[in-house]
Amino acid sequence: MQQYIIGNWKMNGTKAEAQKLATGFLNRIQEATRPLPHIVLCPSYPYLTSVIEILKHSPIDVGAQDCHPEKSGAFTGDVSAAQLLDVGCKYVIIGHSERRRYHHEGSAIIRRKIESAIKIGLRPILCIGENAEEHKTGRTLHIVSQQLASDLPSDQKPHEFLVAYEPLWAIGSGQTPSLKEVEEIMGLMKYELSTRLLGGALIPTLYGGSVTAENAADILNLPHVDGLLVGGASLKLDEFWEVINASER
Ligand code: PEP
């Protein structure tokens with residue numbers, strides 16, 4: 001499977017910075033001499049159209065960081081999956097831990113968002129992962145398995161979405177699980193997905209949480225890791241390009 005390297009820019013930067021970064025990646029892509037992974041950049045809403053315009057003839061896709069489950073209506077401040085598709089997004093991150101934490105999103109709304117994105121033709125990237133306490137008390141496998149069961153709609157097709165394992169305590173902290181832990185959890189995710197859905201083993205499973213140019217290759221080389229979801233490092237052109245080049249498949 002071709003690997004995925006996804007950059008989550010979160011609520012960072014200015015329009016000029018987003019354009020500069022997108023143009024920088026475009027130039028690197030044009031000069032690339034080796035096969036590249038799927039690359040997806042996820043800027044914040046106001047910069048989506050500028051970034052999409054810059055990357056429109058390139059193999060880099062653009063995604064959003066969230067969507068509302070309804071197609072349209074009186075939902076001030078929200079953006080629907082249909083609107084994201086309309087401006088040219090191909091992907092949308094759903095259930096990121098920062099949405100769960102600061103917007104109190106739970107399984108019911110996450111499932112609806114996934115359903116609405118798939119229905120309209122966007123590929124959701126579902127984020128799951130345990131918190132520090134759950135990790136410390138050895139409950140990671142249980143939590144991950146529980147989240148897969150509660151957050152995913154049951155009747156989806158494998159090519160329609162991706163799942164990212166993002167331990168909450170690893171996001172933005174500079175800490176990562178051991179390679180052995182990542183391997184074990186990603187293996188469990190593949191197993192759970194393949195028992196829950198026909199062809200579920202084909203669902204790309206990504207790791208996210210303090211990925212850097214230094215640790216990317218080791219993580220990408222693990223079995224069952226089909227790519228990376230990268231926050232902080234995706235805002236740095238040289239470092240993210242190194243992460244992209246760490247992919248082998
Ligand atoms: C994220 O927020 O999805 C993330 C992985 O962040 P970071 O790489 O900065 O830990």
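**Figure 1. Glu 192 in helix H8 of the predicted model.** In this predicted model, Glu 192 belongs to helix H8, which covers residues 179-196. The residue has a relative accessible area of 16% and is therefore buried, since buried means under 20%. Leaving aside residues up to four places away in sequence, Glu 192 touches Ser 145 and Leu 148. Ser 145 is 47 residues from Glu 192 in sequence, yet their C-alpha atoms are 7.0 Å apart in space.

**Figure 2. Met 189 and the largest nonpolar core.** The largest nonpolar core has 64 residues, and those that touch the most other members are Leu 84, Met 189, Tyr 207, Leu 228 and Phe 240. When residues up to four places away in sequence are not counted, Met 189 touches Ile 128, Val 144, Leu 148, Val 163, Tyr 165 and Thr 205. Another core, of 12 residues, lies apart from the largest one, and Tyr 91, Cys 127, Leu 206 and Leu 229 are among its members.

Figure 3. Two aromatic pairs are counted in the model.

Figure 4. At 1.5 Å a residue, the 17 residues of H1 should span 24 Å, and the C-alpha atoms at its ends are 25 Å apart, which agrees. The buried residues of this helix are Ala 18, Leu 21, Ala 22, Gly 24, Phe 25, Leu 26 and Ile 29. An α-helix has 3.6 residues a turn, so residues three or four places apart point the same way. The elements against which the buried residues of H1 pack are strand S2 (38-42), helix H2 (48-55) and H10.

**Figure 5. Helix H5, its cover and the glycine that follows.** Helix H5 takes in residues 107-120, and at 1.5 Å a residue these 14 residues should span 20 Å, which agrees with the 20 Å between its end C-alpha atoms. Buried within H5 are Ile 110, Lys 113, Ile 114, Ser 116, Ala 117 and Ile 118. The cover over these buried residues includes helix H3 (81-87), strand S4 (91-94), helix H4 (97-102), strand S5 (123-128) and helix H7 (140-151). After H5 comes Gly 121, which has a positive phi, near 110 degrees.

**Figure 6. Asn 8 in strand S1.** Asn 8 is placed in strand S1, residues 4-8, and counts as buried because its relative accessibility is 5%. Not counting residues up to four places away in sequence, Asn 8 touches Cys 42, Gln 65, Ile 93, His 96, Leu 229, Val 230, Gly 231 and Ser 234. Asn 8 and Pro 43 are separated by 35 residues in sequence, while from C-alpha to C-alpha they are 6.7 Å apart in space.

**Figure 7. Asn 215 in a loop.** Asn 215 sits in the loop between strand S7 (205-208) and helix H9 (216-220). With a relative accessible area of 18%, Asn 215 is buried, because the cut-off for this term is under 20%. Thr 176 and Ser 210 are the residues that Asn 215 touches, when residues up to four places away in sequence are not counted.

Figure 8. The largest pocket has a volume of about 490 Å³ and is lined by 18 residues, of which Lys 10, Met 11, Gln 65, Arg 99 and His 103 lie nearest its centre. H4 gives the most to the lining of this pocket, with three residues. The structure also holds one cavity of 30 Å³ or more, and the largest cavity has a volume of about 40 Å³. Its lining is made up of Gly 95, Ser 97, Arg 100, Cys 127, Ile 128, Gly 129, Gln 147, Glu 166, Leu 168 and Ile 171. H4 and S5 are the elements that give two or more residues to the lining of the largest cavity.

Technical notes. Residues numbered from 1 in each chain as written. Predicted model: local features only at pLDDT ≥ 70, side-chain atom pairs only at ≥ 80, totals over all residues. Heavy atoms only, no water. Helix = DSSP H or I, 4+ residues; strand = E, 2+ residues; numbered from the N terminus. Buried < 20%, exposed > 50% of the residue type's maximum accessible area, 1.4 Å probe, protein only. Contact = heavy atoms within 4.5 Å. Expected span 1.5 Å × (residues − 1). Phe/Tyr/Trp six-rings, centres within 6.5 Å; stacked < 30°, edge-to-face > 60°. Core = buried A, V, L, I, M, F, W, Y, C linked by side-chain atoms within 4.5 Å. 1 Å grid on protein atoms, 1.4 Å probe; cavity = no way out; pocket = protein on both sides within 12 Å on 5 of 7 lines; lining within 4 Å. Points joined across faces, edges and corners; volume = space filled by probe spheres on them.
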